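I am keeping a notebook of what I look up in this structure.

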Amino acid sequence: MKKERPFWFWNGEISHDEIRRQVHEMALGGVGGFFLHPRQGMDLPYLSDSFFEHVKTAVLAAKEEGLEVFLYDEYPYPSGVAGGELLLEPSFRARNLFRFEKEAQGGESVSWDLPWGRILLAKAYPREEGRILWECGLDLRDSIGIIYETEIFQEGTGLTEYNRKRFFTGDHAKRLIWTAPEGDWAIRVFLEREADRFKYFGGFADPLNPDAMRVYLDTVHERYERAVGSEFGKTVRGIFTDEVAPFAGGDCIWSPLLPDLYRSETGDDLIERLPLLFEDGPGASAVRYRFHDIVTRAFIRSFDEPVSRWCANHHLLYAGEKPHLRGEQIAMMHIPGCDTGHQKAGDEPDLFGTSYRSNPKAVASASHFFRDGTALCEAYHSVGWGMTLRDMRWMADWIGLQGITDFVPHAFYYSTSALRKHDAPPSEFACMPWWKHNGLYAGHLERLAAVQEGKRVVPVLILDSAPSVWTAGEGRMNAAERNRRYESLTDLQRALAERQLDYYIIDRNVFPDIHVSDGRISLHGETYEALVLPESRTLENEALLLLAKLTEGGASVYTWGEPASDDIGFGSPETVLRHLEDKGMHCEESLEVLADDLRERFAPLRLRVLSEGKTLVLCGLFEKDGVSRLVMTNTARRSVTAAVEWNVESAAFSWQDLDGGKPVQARVMKRDGRQMIFASFEPFETKVLATEQGKPSEPASLGMTVSLHKPLPMHALGDNLLRLGHWDLDSDGRDLGPVTPAPIVNQLEQLGLPVPARVTSAFGCAKEYGFSPSVYTWTTEFRMEYAGEVNLLCEKGALSDGLSVFVNGVDVTPGLACKPFWNQTDLQTDLTDILKPGMNIITVSGLVERDQDGLVNAIYLKGEFGCWKRDGIWTLMPSAEKGAVMDRIGCGLPFYAGDILYEVDETPEEHTEYCITNWAFEDCAELFADGSSCGVRAWNPYRWQVYGSGKKVELKISTALLGAFEGLQFDLRSHAWIDPEA
C-alpha cells in the first residue's frame with residue numbers, strides 16, 4: 001500500500017535489453033519496485049551463470065530507476081526445493097501419509113490390496129457397541145506381503161532362438177491376507193510413500209528436515225549473494241518465500257522425522273496413535289494438539305528461523321506468504337504476507353478468508369506486535385483478463401483497511417505470448433490498455449497509506465483459535481468440522497467489523513507481555529478494552545492462565561456458546577471457564593448478543609446504514625498529531641446513505657478525497673446530544689472523515705449523466721481485432737469436430753476422442769503408451785465486406801514448429817515477421833492482397849509431434865474494421881460510426897483491446913458536472929472538453945467538472961483484455977462470462 005511492488009514473472013525469452021526496457025516501463029507506471037520471480041516459460045536455465053547475469057542486469061536497471069528489488073527463492077513455486085535440485089538427494093524428499101480403512105466380521109477372509117509404500121501401522125481393532133477399542137488392536141503387519149499387479153507379455157524378447165515369448169509381472173503393491181476372529185473388527189492401515197505427482201517438481205522436499213533446508217539455503221540464497229550481494233540492503237531489499245508447508249499431498253501433514261520428534265517431546269509412540277489423528281477415542285484431542293504443536297515448532301526451527309537469520313545476517317528482509325499453522329509462526333517473518341484479493345468488484349468480498357493464509361487481519365496482527373506493522377498481500381491473481389483498475393482499487397481498500405500495508409500484484413508478465421497468458425491471469429502490466437493509467441492506482445495506495453498513519457484505534461483483542469482447529473481431526477472425513485471451527489473466528493471478525501469495532505488477533509507468543517491496569521488490557525505500550533474468545537472446543541494451558549489473570553485483574557473478557565471442553569493434556573478447561581464466569585467473565589448465548597454488548601460499551605463510533613438492504617461499510621479509525629481520521633469503504637455494488645455517530649470532540653470535520661481533491665467541510669448535526677455526520681457512498685467508494693477544517697463545499701453544479709446505452713458517435717483509436725478462436729479439426733482427411741485453441745491433447749479431450757498412441761517397451765517392463773505424431777488441419781472462415789488493410793497477428797508459440805498458415809490456399813507463414821503488439825516477439829503479416837470479398841478460409845496444417853503441440857492459442861486478424869456476426873459467420877465490415885458505451889459487441893468491437901472515443905454532448909451551462917452513475921461501468925474513462933482533458937477516472941465515483949458552455953465533450957474508454965485474450969465479455973450483473981461467439 002505504501003508502494004505497489006508486483007511479482008515480475010520471468011516467463012519468456014529473457015534478454016538484457018528487454019529487462020531494461022520493462023524496468024523503465026515499471027518506473028513510469030509508478031511502482032515502487034518488483035519481486036523478481038522465475039516462472040514457468042522462462043528460457044534461462046535457473047541457477048545458471050546466465051540466469052544470474054540477467055539478474056544482475058535487472059538489479060542494476062532497478063538501481064538506475066530508483067526501484068527496490070525483492071528476490072524470489074524458487075522456480076517457480078512452492079519454495080523449498082531449489083527448482084527440484086533437492087530431490088536428487090533421496091533423504092530430502094518429502095513423504096506422504098495415507099490412511100486406509102476396512103471393516104470385517106468374525107470368520108471373514110480378508111484379501112485387501114494396498115498401494116506400494118512403507119507400512120507404518122496395520123492393526124485390526126475390535127468394536128464393542130459401535131465403539132472402537134483402540135487399546136486392543138491386533139498387529140497385522142505380518143499378514144501383509146508383496147504382490148505384482150500387472151501381468152506383462154512380450155514377444156520377440158526370448159533369450160534363445162528357440163523361444164520368442166516371455167511372461168513378466170510389474171507394478172508391485174501390498175496385499176493383506178487375514179481371517180477375522182469372532183466379533184466386529186475395524187482394520188486401519190497407515191502407509192508412507194514418497195510424494196509424487198506434485199506440481200512442477202514431481203515430488204517435494206521435506207521442510208521439516210533441517211539438513212535439507214540448509215542445502216536449500218546454500219543452493220539458492222548463497223548463489224544470489226554471490227551474484228548481487230553488493231546490493232543487499234540497498235537496491236535488493238529482501239527475499240520472498242512462497243507457499244512452503246510440510247504437506248505435499250496425502251491425508252495429513254507428514255515427515256519421516258515426526259515419530260522421533262513426537263517421542264522425544266512426549267515419550268509416546270506417534271505411530272501407535274495415528275488412528276487418533278483421524279478418529280475419536282480416548283486422548284484423541286491431546287494427540288492431535290501435541291502433533292500439530294510439534295509440527296509447528298519443528299517447522300519454525302528447520303525453515304523459518306534459518307531463513308530469517310540468513311536474511312538478517314545479509315541485511316535483507318524475510319518476506320512472503322505461506323500456509324501457517326498459527327500466528328506465532330508468521331511472527332518470524334520481517335514482512336509476513338497473506339494471499340487474498342482475487343475477485344471482481346460486485347462480488348461479495350472475501351474479507352476474512354477461509355484459512356489463516358487468506359486472513360489479512362491475522363497477518364497484520366502478527367506484524368503489529370512483532371515487527372513494524374508492515375504486512376503484504378499477494379493479490380489479484382486468477383481474476384482473469386477482464387480485471388480493471390477499479391477491481392484492484394476496490395480490493396486494495398478493503399484489504400488495506402484490515403492492516404495490509406504493501407500490495408504485491410500477481411503479476412507483471414514478462415511475456416503473455418501463447419500459453420503464458422493463462423498463468424493465473426491477468427498481468428497488470430504494459431499489455432493492458434489501462435496500464436498507462438496505473439499511476440492513479442499507485443497514487444491511491446500511497447494516499448490510503450498516508451491517512452492510516454499514526455495510532456490505529458483498536459479496542460478489542462481476539463484470541464487465536466488455532467488449537468481448536470487442530471483438534472478437529474485430520475483427513476477429508478473431518479474437513480467440515482475443521483472449517484466450522486475456523487469459521488468461529490471469521491464469524492467473530494465479521495460481527496465486529498459490522499459494528500465498527502476494530503481488533504487484533506493474538507497468539508500465545510504475546511501472552512507473557514499482557515498486563516492489566518485499571519481494568520484495561522495492556523500490551524506493548526498500548527491499551528485495549530476487552531479480550532474475546534471465539535467459540536472454541538480447545539484452550540491451551542497458557543490461554544487459561546491468561547484468562548484467569550485478566551479476569552482477576554478486572555479486565556473485560558468475553559466468549560459465547562458452549563465452553564471449551566477438549567482435554568489436550570492439561571485437564572478439561574470447562575471447570576476453569578465456569579470458575580472464570582463466576583469471577584466476571586462474560587459468556588453470552590449468541591455471537592450477536594456478545595457483539596452488540598461490545599459495541600455499546602467500547603465502540604468509538606457507530607455507523608448506521610440508512611439505505612435498504614444489508615451493506616458492509618468497513619471502517620478504520622486512526623489518530624496522528626491531534627487529528628483523527630475515519631476511513632470508510634463501501635464494499636457493495638449499491639449506493640449507500642449512512643449516518644456516522646462519532647463520540648469525538650472536534651470543532652470541525654472534513655471529507656478528504658483519497659484521489660487528489662482538497663478537503664471539504666463536513667456538515668455536523670446534533671441530535672439527542674449526539675453529533676452525527678451523514679455520508680453518501682457510491683458503489684465501492686472509499687471516504688475519509690477527519691477532525692480538521694476543510695473548505696466550504698461548492699454549490700452543486702448542473703449534473704449531466706453520461707448515457708451508456710444510447711448510441712453515440714464513436715471510433716476506436718487503435719486497430720480492431722477478430723479473434724479466431726473456433727476451428728474445425730481434421731486428421732488425415734477425417735473430420736474430428738469443432739475445437740478451441742489448445743494443445744492437441746486438450747482438443748482431443750474436448751472431442752471425447754482417444755489420443756493417437758504408439759507403444760514402447762523395455763525388457764521385462766510393461767508396455768507404455770506415448771503420443772503418436774500425426775498430421776492435423778484446423779480450418780476456420782470469415783466473411784469480408786471491408787476493403788481496407790488486414791493483417792494476420794500471431795503470438796510466438798501460438799503455433800508449434802512444423803505448422804503452416806494458409807489463407808485462401810496461400811501459405812503466409814514465410815511472411816510472418818517480428819512486429820511487436822502485446823509482446824516484443826509477436827509476429828504479423830499483411831493479408832490485404834490475399835483476402836477477397838465474401839467468404840475467406842484460413843487453414844493451419846502440419847505434423848504435430850508432441851501431445852502439447854498444435855494450434856495452442858488463438859490467432860487474430862487486425863485492422864481498422866468492425867466485426868459482427870452475421871448468419872453465424874464473423875464478418876469484417878467498415879467500422880461503426882455510432883455505438884453504446886456498454887455494448888462492445890454492438891459496436892463491432894467484441895475483441896478490441898485499446899481506447900475508444902465517444903462523442904458525448906455539448907455543455908449546456910457555464911459549469912457542468914458530468915458523471916457515470918451505472919455501477920456496472922468499470923473501465924478507465926477520460927473526459928475531454930474541446931480536446932482538453934478534464935481528468936481520468938478509473939473507479940467510482942466517475943465525475944468530471946467542465947467549465948464553459950458550448951464545448952464539445954468526448955469520453956475516452958480504456959478497455960481490458962478479456963475479449964482479446966479469452967474471446968469473452970464479463971456481465972457484472974450476473975457476475976459471469978458471456979461468450980459473444982456462442
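**Entry 1: Positive phi**

I started at Glu129, which sits in the loop between strand 6 (118-128) and strand 7 (131-132). The model is a predicted one, and I kept that in mind for every entry. I looked up the backbone angle and found phi of Glu129 near 55 degrees, a positive value in a residue other than glycine. I noted the general rule beside it: most residues other than glycine have a negative phi. Is Glu129 buried or exposed? Its relative accessibility is 87%, and exposed means over 50%, so Glu129 counts as exposed.

I then turned to Asp171, where phi is near 60 degrees, again a positive value in a residue other than glycine. Asp171 belongs to strand 10 (residues 163-179). I read a relative accessibility of 47% for Asp171, so this residue counts as partly exposed.

**Entry 2: Cis peptide bonds**

Tyr75 and Pro76 are joined by a cis peptide bond, with omega about -10 degrees. Tyr77 and Pro78 are also joined by a cis peptide bond, and there omega is about 0 degrees. Where does Pro76 lie? I found Pro76 in the loop between strand 3 (68-72) and strand 4 (95-105). Pro78 is in the loop between strand 3 and strand 4 as well.

**Entry 3: Pro425**

I placed Pro425 in the loop between strand 17 (412-413) and helix 10 (438-451). The relative accessibility of Pro425 is 13%, and the limit for buried is under 20%, so Pro425 counts as buried. Which residues is Pro425 in contact with, leaving aside its neighbours within four places in sequence? I listed His381, Ser382, Val383, Gly384, Trp385 and Tyr413. I also looked up the distance to Tyr380, which is 45 residues apart from Pro425 along the chain. The C-alpha atoms of these two are separated by 8.4 Å.

**Entry 4: Gly838**

Gly838 is part of strand 49 (residues 838-848). Leaving aside neighbours within four places in sequence, the contacts of Gly838 are with Phe782, Arg783 and Met784. Gly838 and Leu60 are 778 residues apart along the chain, and their C-alpha atoms are separated by 55 Å.

How many residues of strand 50 (residues 859-863) are buried? I found 5 of its 5 residues buried, and the strand is mostly covered. In a regular strand the side chains alternate between the two faces of the sheet. I checked the directions in strand 50: Ile859, Leu861 and Gly863 point one way, and Tyr860 and Lys862 point the other way.

Next I looked for the pairing. Strand 38 (residues 720-724) runs antiparallel to strand 50 and is joined to it by 5 bridges. Leu721 has Lys862 in strand 50 as its bridge partner. Strand 44 (residues 790-794) is also antiparallel to strand 50, with 4 bridges between them. Here Val790 stands opposite Gly863.

Strands of a sheet pair through backbone hydrogen bonds, either parallel or antiparallel. I traced an open sheet of 6 strands in the order 53-37-54-59-56-57, and its pairing is antiparallel. Which are the edge strands? They are strand 53 (882-883) and strand 57 (932-937), each pairing on one side only. Inside the order I looked at strand 54 (residues 899-906) and strand 59 (residues 952-958), which pair over 7 bridges in the antiparallel sense. The bridge partner of Asp905 in strand 59 is Val953.

**Entry 5: The whole protein**

I ended with totals. The secondary structure comes to 17 helices and 61 strands. The C-alpha trace spans about 100 × 95 × 60 Å along its principal axes. With 982 residues, a compact globule would have a radius of gyration near 30 Å, and the 32 Å of the protein agrees with this. Buried residues make up 58% of the 982 residues. Among contacts with a separation of 6 or more, 77% come from residues 24 or more positions apart. The accessible surface is about 39300 Å², and carbon and sulfur atoms have 47% of it. Last, I noted 101 positive and 147 negative side chains, with the centres of the two sets 2 Å apart.

Notes: Residues numbered from 1 in each chain as written. Predicted model: local features only at pLDDT ≥ 70, side-chain atom pairs only at ≥ 80, totals over all residues. Heavy atoms only, no water. Helix = DSSP H or I, 4+ residues; strand = E, 2+ residues; numbered from the N terminus. Rg over C-alpha atoms; globule rule 2.2 N^0.38 Å. Buried < 20%, exposed > 50% of the residue type's maximum accessible area, 1.4 Å probe, protein only. Contact = heavy atoms within 4.5 Å. Areas by Shrake-Rupley, 256 points an atom, 1.4 Å probe, with all protein chains shown as cover. Lys, Arg positive; Asp, Glu negative; His and termini not counted. Charge placed at Lys NZ, Arg CZ, Asp CG, Glu CD. Pairing = 2+ DSSP bridges.
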